Amino acid sequence: MTNRRLSPSSTSTRRAAGLLAGLALGAALLAGCSSEGASTDCGLDACTVTFDRGVEARASILGVEAKLVGVQDDQVTVEVAGERLSLTLGQQATEAGGFQVTLDSLTDQQVAVRVARNPNG
């Protein structure tokens with residue numbers, strides 16, 4: 001009697017590769033974002049949105065819209081998840097629609113805001 005060693009089937013390998021690709025796509029969709037007049041850097045639970053000043057800047061992130069409303073001196077007004085917030089550098093995170101929002105940086109040309117899912121709900 002001859003024993004043959006079975007090698008993993010190419011079907012199983014293809015299924016595993018397809019599953020991994022599907023998981024990667026799903027993670028990308030969960031963190032998905034789009035923007036106009038802004039750039040985004042997103043993970044699963046947080047995004048940093050860098051708005052261009054002087055244009056109508058907005059971004060769709062983590063299932064909500066964030067937009068730059070205005071800048072006055074060192075105070076930035078943004079709208080996140082339909083709530084208008086006033087932020088300053090160094091200020092603790094402000095709650096808006098289940099998100100924690102902070103002002104990361106402010107220059108003459110750009111405003112960077114971090115929007116993170118609230119870990120407490």
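Which order do the 5 strands of the open sheet have? I looked this up and found 2-3-10-9-8, with antiparallel pairing. I counted two strands as paired if DSSP finds at least two bridges between them.

**Basis.** I worked from a predicted model, where local features need pLDDT of at least 70, side-chain atom pairs count only at pLDDT 80 or more, and totals for chains, interfaces and linings use all residues. I number residues from 1 along each chain as its sequence is written, and side-chain values use heavy atoms, with hydrogens and water left out.

As a reminder to myself, strands of a sheet pair through backbone hydrogen bonds, either parallel or antiparallel.

**Whole chain.** I listed 1 helix and 10 strands, in the sequence pattern α-β-β-β-β-β-β-β-β-β-β. Helices (H or I, at least four residues) and strands (E, at least two) are DSSP runs, numbered from the N terminus. Of the 121 residues in the chain, 27% are buried. I used under 20% relative accessible area for buried, over 50% for exposed and partly exposed in between (1.4 Å probe, protein chains only). The chain exposes about 7900 Å², and carbon and sulfur atoms supply 48% of it. These areas come from the Shrake-Rupley method with a 1.4 Å probe; for residues, only the protein chains shown count as cover. Among contacts (heavy atoms within 4.5 Å) with a separation of 6 or more, 29% are between residues 24 or more positions apart.

**Strand 3 and its partners.** I then followed strand 3 (residues 46-52), which is mostly covered, with 5 of its 7 residues buried. Strand 2 is joined to strand 3 by 5 bridges and runs antiparallel to it. The hairpin between strand 2 and strand 3 passes through 3 residues. I found Phe51 in strand 3 as the bridge partner of Ala38. Phe51 also stands opposite Val111 in strand 10. Strand 3 and strand 10 (residues 110-117) run antiparallel and are joined by 7 bridges.

**Strands 8 and 9.** Strand 8 pairs with strand 9 (residues 99-106) in the antiparallel sense over 3 bridges. Here I found Thr94 bridged to Val101 in strand 9.

**Val115.** Is Val115 buried or exposed? I recorded Val115 as buried because its relative accessibility is 0%. Val115 is in strand 10. Beyond neighbours within four places in sequence, its contacts include Ala46, Cys47, Ile61, Val80, Phe99 and Val101.

**Arg58.** Which side chains make polar contacts with that of Arg58? I found Glu56 at 2.8 Å and Glu65 at 3.1 Å. A polar contact is a pair of N or O atoms within 3.5 Å; within protein, one must be able to donate a hydrogen and the other to accept it, and residues adjacent in sequence count only if both atoms are side-chain atoms. Arg58 lies in strand 4 (residues 58-61). Leaving aside neighbours within four places in sequence, I list Ala38 and Phe51 among the residues in contact with Arg58.
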